[in-house]
Amino acid sequence: MATDTATDVFEEHRPVLTGVAYRMLGRVADAEDVVQEAWLRWSGADRTDVREPRGYLVRITTRLAIDRLRHVQSRREAYVGPWLPEPYVTDFGDTVPDTAERAVLADSVSLAVLVVLESLSPLERAVFVLREAFGYPYADIATTLDRSESAVRQLAGRARKHVDERRPRYEVDPVERRLLTERFLAAAVEGDLAGLLSLLAPEVRLVGDSGGLAKAPLRVIESADKVSRFIFGAARKGIPDVSFHLVEVNGGAALLALSGDKADSVFQLDVADGRIQCIYVIRNPEKLLSLSPE
């Protein structure tokens, strides 16, 4: 396989490899590092007998991601405050024409699901990602992980049970979330307490991620009263030279707050039955670098 051809093949599959690595690691930078390492191994390998480049590349990327995940998990144990995945700009474009497939991909990359995946073992997470997000057959996953098919099925069963027990019990409608996101912003900016309270579920939760590098709650805030008071307190303090932009991250609408030309915060809502169930606030500057305008 010529070098140019090898490069073309790798670039063709890069979106899938990045998708696998990000779902495994929850950090864009970590995922990009893994994909770059996969490229180095691909470009330096003897590809004469490689009949299915996609499967070969996914296998390399998955194994590298498992190794990276085992390393970063120890760092996350010392993380300051709640940990949330790094916001990941999602635009499936024309590459995913099927509505059902698009919904599966969006769900598998959602903040709520990725938070649950953090509690899986690296092998369980790999099986879940390959099976649930990308639809790989058990036999192919067994080859990727160098495990028996029966062992992979057991891992898949445990992972699915664990995720089902801990993931939100509601479906997030994308149109409803976008509309509520716009109303949430309007109420917060205008100081409309009654309007904001009308949007919040009684047991709404707010999860903030700063990593100790910005101001954000170090514990999950619960109840409409406490969450609304926090939102208005933060709004009164304000962000210098702030502008808000509706963006799509992790499969759904979100608010990006810019301070001048620098990303300051990302807000994403989980909604159900016309109410906001959870508000995710990401303020760790290290997780927002890719969202600042170039």
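The sections below describe selected salt bridges.

## Basis of the model

The model is predicted: local features need pLDDT of at least 70, side-chain atom pairs count only at pLDDT 80 or more, and totals for chains, interfaces and linings use all residues. Residues are numbered from 1 along each chain as its sequence is written, and side-chain values use heavy atoms, with hydrogens and water left out.

The structure contains 19 salt bridges, a salt bridge being a side-chain nitrogen of Lys or Arg within 4 Å of a carboxyl oxygen of Asp or Glu. One of them pairs Arg27 with Glu86, with 2.9 Å between the closest N and O atoms. Helices are DSSP runs (H or I, at least four residues), numbered from the N terminus. Both partners, Arg27 and Glu86, are buried (under 20% relative accessible area, with exposed over 50% and partly exposed in between; 1.4 Å probe, protein chains only).

Asp30 and Arg68 form another salt bridge, their closest N and O atoms 3.2 Å apart. This pair links helix α2, which holds Asp30, to helix α3, which holds Arg68, across 38 residues. Asp30 is buried at 8% relative accessible area, whereas Arg68 is partly exposed at 25%.

Arg160 and Asp164 meet in a salt bridge at 2.6 Å, N to O. The two residues are separated by about one helical turn, because they are 4 residues apart in helix α8 (residues 149–166). Arg160 is partly exposed at 22% relative accessibility, and Asp164 is partly exposed at 31%. Through salt bridges with shared partners, Glu132, Arg160, Asp164 and Arg167 are joined into one network.
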